[in-house]
Amino acid sequence: MNIFKELYQYRELLKTNVKKEIRGKYKGSWLGVLWTFLNPLLQLLVYSFVFPYILRVEVEHYTIFMMVALVPWTFFTTAIQIGASSIIGEAGIIKKVYFPREIIPISVVISALVNFLITCIIMFLFILISGVGFTPYVLLFPVIVLIQTIFTLGFTFILSAVTVYVQDIAHFVSIVIMLMFYATPIVYNGELLPAKFQWIITLNPMAQVINAYRDILFYHKTPDYNGIAILALISLAILFVGYEIFKKLKRNFVEEL
Amino acid sequence: MKSNKAIIVDHVDKDFKMYYDRANTLKEKLLFFSKKNKSKDKLLHILKDINLTIDKGESVALIGVNGSGKSTLLKMMTKIIYPNKGKITVNGKLTSLLELGAGFHPDFSGRENIYFNSSIFGLTKKEIEKRIDQIIEFSELQDFIDNPVRTYSSGMYMRLAFSVAINVDADILLIDEILAVGDQHFQEKCFNKLKELKKEGKTIVIVTHSLNSVKEFCDRAVWLYDGKIRMDGNVDKVISEYEKVCG
């Protein structure tokens with residue numbers, strides 16, 4: 001495949017782009033990169049007050065129950081949201097120089113992944129301190145992360161390219177993400193959903209991923225291996241289709257921007 | 001692969017849509033879907049069935065009046081835009097000096113910007129480190145290289161940008177009106193560098209209106225007129241004909 005060779009050649013550009021993405025966003029703010037972790041943590045603080053105490057969701061260790069879902073969710077949504085407007089944001093340089101356009105969405109996803117992995121360290125500390133603890137199932141964690149990264153990249157490819165043609169997509173994505181937040185078992189347990197709504201979870205790759213994270217990190221039970229295998233295949237399909245769409249659309253980026 | 005050919009332009013057509021009033025959002029697209037505005041959109045046929053083969057080591061000038069499609073052709077060679085029909089094949093590493101200083105960050109130092117800019121050209125860290133002294137020396141910005149680029153004058157800025165681009169070490173160089181960089185001294189330096197690269201056997205394609213420098217530097221000229229190749233051949237012949245018609 002030609003694209004891998006090209007990406008390898010431009011690896012320095014990918015690296016500087018990821019660095020810029022991680023450090024550039026909070027340049028000039030006092031706490032800098034710390035904001036990346038403070039955002040989900042403060043969100044977590046609010047939710048772990050609202051749901052157990054006001055809405056009376058009764059789950060033991062609710063904070064951890066939520067955290068193992070909210071942290072991966074944040075990874076997904078940042079990548080999608082920043083990714084959607086990433087090509088438009090780099091319009092200036094795209095019009096002037098040739099470089100593999102794939103670098104832009106890929107570096108968005110990689111920088112979101114790096115932030116996610118760093119937040120995971122905090123998450124693991126929480127799991128340890130709260131007494132929930134670990135079982136050997138934690139070894140499956142990298143596998144789930146990989147699957148999530150693959151389909152996130154696929155979606156980011158599609159959104160970043162389509163947004164060039166229809167700029168509304170960026171706003172549309174924000175609304176869909178908000179709705180998805182409740183359609184994904186993050187603040188509640190998916191099994192509580194009535195049978196007639198279960199399809200929402202079945203069709204939602206994020207719901208599948210979050211159930212898997214929760215099984216291995218919170219419930220300490222064997223995750224649904226068949227489900228994970230199918231999800232892995234679907235993720236690869238999403239990446240493949242996403243890349244094909246991107247490849248088709250990238251030819252006219254300069255004329256559309 | 002025909003290894004002695006650097007660039008092959010094969011039956012290339014390029015259109016541009018000129019939007020009368022472009023619908024950018026979904027709402028506008030839905031509301032103004034009517035044919036009224038559509039009919040005012042024009043299709044500009046910029047390049048019509050261009051065939052051009054440039055051998056390795058040749059230095060070719062593209063000349064023609066404004067709007068004849070010179071820059072469009074150059075942009076397609078760099079793969080910034082793509083032809084509607086036909087195919088362009090490029091053999092070898094290609095660098096374009098179309099827009100100098102693309103990707104410069106005003107808040108970072110000249111040295112850091114050399115890294116950013118070179119990485120956009122596809123160089124790895126090692127390759128950049130190997131060249132950085134050469135680039136700084138060529139730009140003559142030794143005393144300012146660690147100052148932020150926003151403190152540079154426009155001449156210094158262009159000098160830095162040109163020095164990065166010229167030191168990328170590509171096999172094919174595409175140049176669009178760059179001989180207006182810096183003062184007389186630096187212009188001469190650029191010109192000498194280009195001559196040196198030519199001697200090394202690099203392929204060079206220049207778009208320019210400065211016919212004198214073309215005569216001095218190129219072996220071959222291609223005259224584009226109204227999206228077609230009007231004349232292609234020895235630089236002196238083409239230019240004297242061009243001057244007769246357009247001069």
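Q: What is the accessible surface of chain B, and what share of that surface belongs to carbon and sulfur atoms?
A: This is a predicted model, in which local features need pLDDT of at least 70, side-chain atom pairs count only at pLDDT 80 or more, and totals for chains, interfaces and linings use all residues. Residues are numbered from 1 along each chain as its sequence is written, chains are lettered from A and ligands numbered from 1 in the order in which they are written, and side-chain values use heavy atoms, with hydrogens and water left out. By the Shrake-Rupley method with a 1.4 Å probe, the accessible surface of chain B comes to about 12,500 Å², and the share of carbon and sulfur atoms is 49%.

Q: Which residues of α9(B) are buried, and where do they lie around the helix?
A: Helices are DSSP runs of H or I with at least four residues, numbered from the N terminus, and α9(B) covers residues 235-246. Buried means under 20% relative accessible area, exposed over 50%, and partly exposed in between (1.4 Å probe, protein chains only). Seen down the axis of α9(B), the buried residues fall within an arc of 95 degrees, taken from the directions from the axis to the C-beta atoms, so they line one face of the helix. These residues are V235(B), V238(B), I239(B) and Y242(B).

Q: Which residue caps the N-terminal end of α9(B)?
A: The backbone nitrogen of D236(B) lies 2.9 Å from a side-chain oxygen of the capping residue. That residue is N234(B).

Q: Which residue meets E216(B) in a salt bridge?
A: The N to O distance is 3.0 Å in the bridge between E216(B) and K195(B). The pair links distant parts of the chain, 21 residues apart, with E216(B) in α8 and K195(B) in α7 (residues 184-199) of chain B.

Q: How many salt bridges does a search of the whole structure find?
A: One network of salt bridges links E58(B), R220(B) and D232(B). Over all chains, the number found is 17.

Definitions and conventions. Helices (H or I, at least four residues) and strands (E, at least two) are DSSP runs, numbered from the N terminus. The expected span of a helix is 1.5 Å times one less than its number of residues. A polar contact is a pair of N or O atoms within 3.5 Å; within protein, one must be able to donate a hydrogen and the other to accept it, and residues adjacent in sequence count only if both atoms are side-chain atoms. A salt bridge is a side-chain nitrogen of Lys or Arg within 4 Å of a carboxyl oxygen of Asp or Glu.
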